[in-house]
Structure formats: C-alpha cells, structure tokens
Amino acid sequence: MFDLSYYMPTKIIYGKNCVENNAEVFKSLGKKCLIVTGKHSAKECGALDDILKTFKRFDIESIIFDEVLQNPLLSVCKKGGQIAMENNADFIVGIGGGSPLDSAKAISVFASNDLKPIDIYNEVYENKPLPLVLIGTTAGTGSEVTPYSVLTVDETSRKRTVHNIFADLCFCDYRYTVSLNYHFSVSTALDSLSHCIESYFSPKSNTISQDFAASGIKLVYEVLDSLKDECFTDEQRQKLYAASIYGGLSITKTGTGFCHALGYYLTENFDVSHGFACAEFLPAYIKNAVTSEPKKAQKLFSEINLSPEKLSDKIKAFTTLPEVTITDEDKAKMFERWNVNGIFKNSPGNFNANDAIKLYDELF
C-alpha cells in the first residue's frame, strides 16, 4: 500500500536567518572557499553579505566567481573549477537560483578533477567533488536539494543534465526571494509547479514523492489564486519557497516529464523563461495524466480539492508567451531530438515524438 523508499543525502537547514543561526557549520569545511554567484542577485537579496560576515567571523578566505548567467554554459563551469583548483579552495558555496546552484555543482566536480568539460556527463569521477553548500535565492528550481545540474553545452547550445551531484548542505531562507520582481517570481513559481505535477504522475513516483508533490501543487495554486496587483505578501513568499523545496524533493526521486523536455526548446530558441516554457505544456500533461492514470489523478485532485480543469485554467492564465513561429525545418530538428527511445518514458501514458510535434502544432 505504501512505498516510502527515498534517498536524500543533502542536509537541509531551513528557516528565517538560518545562515546566521547555524554559522558554526562552516568551521569544519575549510579555510578557503570559492563562492559561485551571478552578477547581482546574491548581493541584492542579502545572501552574499550574510555569507561574507560568517566567513569573516571564522577567518575563512573567499574568492567570488560571479560569471554565471542564465542557462549557464559548460565552459564557464569548467573555468570556475579551474579557479577553485588553482587557488586550492577547500569547499564551494553556490548562491542564487537554478543557474548559479547548478553551476556550483559542476564547479565542485571540476575543482577536484582535471576533466574535459564534456566528460562531466560521464558521471564517473576519479576524485570526489569538493564539499558543496548551496543557498537558494529563488522559489522555483529546488536545485538546493536535487542532484541535477542542467548546463548548456557550448558547441550545440543545447541543455544537458548531470544527474548525481548532491550538495552536502543547503540553507533555505525565504527572505532571499523577497527582492525578486513579479515576472521572475511567477516564472519560478510555475517551475516548481511543473516539478510537482510532472513528478506526481511519473512512473517513478511513490508515496513520499507524491506527498511532497501534492503539497507543493496546493501551495503554488493558493498563491496564484490569491495574487493581487502583481505584489507578493510575506506569507505568499514563504509558501512559494516551501513549494520550491517540495518540488525539488519530488523530482529528486522521479526526475521530470515531457514538459521540461519540450520547454527546453522554447528557452534555447526563443529566450522564454524556463518556468513559463515548462508550464506552457502543463495543461496537456495534466490531460494526458487524467486519461492514462485515472486512479492517481483522482487521488491527487481529491487531496488538493481542485479539478483538473480548474488547475489547468489557472496555469493558462499565467502563461502568456511571446509569439513563437515553428517552421517545418524546426519540426524536423525537434523530431530528431525527441525521437530517442525512452526520452519520454518518465511521463504518463505513451507520449512520443509524434505527440510532441502535434502538441507544438496545437499550441503554436
């Protein structure tokens, strides 16, 4: 009746002011750290200052690597790893949303292994990654708690995922999300909603991951349904951050479904924000799940006290995309990319590359 199998090696420290209140944990990590961030967000939200104050308290030297952009490049991660290696860093701290956190994971591998960039996808390394601490500043990716690092390969401009890099420790303080603007906050909320819905209906889901996913879905819906004047309350920020962690915990067990696979194309080719790109396909994913997994769907929608139609309508209300034009040549490339045995096996039903092209035709 129950399946409670789960593996979660990352220690989660959660709550307001959790970095300051648990600063002692850094003493055991070493005396030199590479801090991985983007250009501005880590500073603006206060997380970088909190870390630097902690490091000053314990005489920990830091080097700031702030070259991470959205959709981080594999080459940039390699560069960060080289800097950490050349400076004999003892550990890595990643501060930010999915891009800096995913980059920090890869950098922790490159910092202790002299690899060609593309070899990180072999996922077998001679040396263990450097100890890794992650501090999330957005409420969406859940990368703090997942083993995934989604990076863009320079030569192809396509996203590929490394699957086995868990942080040793993560700090989760919703206060770091308060400075995010409305558009980005909605995008990240839709990302965590995608994680939860895709995970719930994954063939790999079990009792624990489904409970996490249902909790996250309920929280995101509550926030989107009560959102007024493009302004988030403190309570709504807390709910979205919790939903992000629930989503991360869910996909740690299951991975994602076809919404992410299809959404990457919109991000890579039309610069659509990741959360909006994935959520565009969620109504179709829900419809497919209701048809192919009726018992699981009935359980979910009973638990969250919503209908599939009501949830889908709410998603559609927040996913207005720029004009997207897909040519026949584009479709041929998309089909080739997706016509790989098993690429959609983590989705409910028998969704395949033909279905994916048909869905693109319907939407665009």
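In the hairpin of strand 6 and strand 7, four residues lie between the strands, and S157 takes a positive phi near 60°. This is a predicted model, so to speak: local features need pLDDT of at least 70, side-chain atom pairs count only at pLDDT 80 or more, and totals for chains, interfaces and linings use all residues. Residues are numbered from 1 along each chain as its sequence is written, and side-chain values use heavy atoms, with hydrogens and water left out.

Helices (H or I, at least four residues) and strands (E, at least two) are DSSP runs, numbered from the N terminus. Strand 6 (residues 149–153) runs antiparallel to strand 7 (residues 158–162), with five bridges joining them; strands pair if DSSP finds at least two bridges between them. L151 has R160 as its bridge partner in strand 7. Five of the five residues in strand 6 are buried (under 20% relative accessible area; exposed is over 50%, partly exposed in between; 1.4 Å probe, protein chains only). S149, L151 and V153 point one way, V150 and T152 the other.

As for charged pairs, the count comes to 17 salt bridges, each a side-chain nitrogen of Lys or Arg within 4 Å of a carboxyl oxygen of Asp or Glu. K78 pairs with D114, the closest N and O atoms being 3.8 Å apart. That pair links distant parts of the chain, with K78 in helix 4 (residues 74–86) and D114 in the loop between helix 5 (98–110) and strand 5 (132–136), 36 residues apart. K78 is buried at 10% relative accessibility, whereas D114 is exposed at 73%.
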